[in-house]
Amino acid sequence: MSPPAATRSMHHQPPYRVVPIHKHRELMDQCIALINSEWPRSYTARLWSLESSKDTLPTSFVLTAGDEKRSVVLAHAKMSPIPADREAVFVESVVVARDHRGQGIGRLLMREVENHCFQNLKLKTIYLCTIDQQAFYTKLGYECCKAINIFGSRPTFNKSTKKTWMAKTAQ
C-alpha cells in the first residue's frame, strides 16, 4: 500500500526552510505576490507591512523550498503584537501557495510560528481569525474564542460576523 499523497509529495520536495523575511529581503517580491494572490492590495502597502518585520514583533515568516541560491516562497504568516495583551500575539496573513496546499506546508509553518511565539518570545496565547479554515486550525489545537481587540490598548471586542476567532495557549 502506498503512503498518503501528502506524505508522498513531502518526500520529493526540496528542503523546506522557515525564515524571517527581514533576514531574507531577496524574498520580498515573491512574498508580496503570494499574499496578493489571496488578498489583493497594493505592492507598496504589502512592502511596508513586510518591511516592519523584526526579531521581536511584528515578525513575518516565510516558508521556502529550494536552496540558498534559488528559494521559492511557498507560505507566509505574520505575527503582530496585541497592545491590550502583552502576553499574546495575533497571527495573520497565513497563506500557502495554491498549488502546494494539502501537503503539510501550512502545518509546518504554523509549528514554527508557535515555537517562535511560545519558546522564543515566551508568549502565553496565540490568537487568529479565519473565514474558512476552522477545521485546519482545530487540527492544530486551536479552539474557538471570543473576538479580541487587536489594535488599541483597551480589550474591546471586534464583532465581525464573517470571521471565526480562535486561540491556542502555551502548554
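Predicted model: local features only at pLDDT ≥ 70, side-chain atom pairs only at ≥ 80, totals over all residues.

Reader: In what order do the strands of the open sheet lie?

Author: The open sheet is built of seven strands, and their pairing is mixed. Strand 1 (16-20) and strand 6 (143-144) each have a single partner strand, so they stand at the edges, and one side of each is left without a neighbour in the sheet. Read across the sheet, the order is 1-2-3-4-5-7-6.

Reader: In which sense do strand 3 and strand 4 run, parallel or antiparallel, and in which sense do strand 4 and strand 5 run?

Author: A hairpin of six connecting residues leads from strand 3 to strand 4, and S80 stands opposite F90 in strand 4. Six bridges join strand 3 to strand 4, and this pair is antiparallel. On the pairing with strand 5, A88 has T125 as its bridge partner, and the four bridges between strand 4 and strand 5 belong to a pair that runs parallel.

Reader: Is S60 buried or exposed?

Author: S60 lies in strand 2, which pairs with strand 1 in the antiparallel sense over five bridges. Leaving aside residues up to four places away in sequence, S60 touches V19, P20, I21, L50, S53, H76, A77 and K78. Because buried means under 20% relative accessible area, and S60 has a value of 1%, S60 is buried.

Reader: Which strands does helix 4 lie across, and at about what angle does helix 4 run to strand 3?

Author: Helix 4 (105-120) lies across strand 1, strand 2, strand 3, strand 4, strand 5 and strand 7 (164-169).

Reader: Which element gives the most to the lining of the largest pocket?

Author: The largest pocket holds about 1400 Å³ of space, and of the 46 residues that line it, the closest to its centre are W39, E92, S93, V94 and C129. Among the elements that give two or more residues to this lining are helix 2 (28-38), helix 3 (43-51) and strand 4 (88-96). Seven of the nine residues of strand 4 are buried, and the element that gives the most to the lining, with seven residues, is strand 4.

Terms used:
Residues numbered from 1 in each chain as written. Heavy atoms only, no water. 1 Å grid on protein atoms, 1.4 Å probe; cavity = no way out; pocket = protein on both sides within 12 Å on 5 of 7 lines; lining within 4 Å. Points joined across faces, edges and corners; volume = space filled by probe spheres on them. Pairing = 2+ DSSP bridges. Contact = heavy atoms within 4.5 Å. Axes fitted to C-alpha atoms, helices over the stretch in contact; angles between N-to-C directions. Buried < 20%, exposed > 50% of the residue type's maximum accessible area, 1.4 Å probe, protein only.
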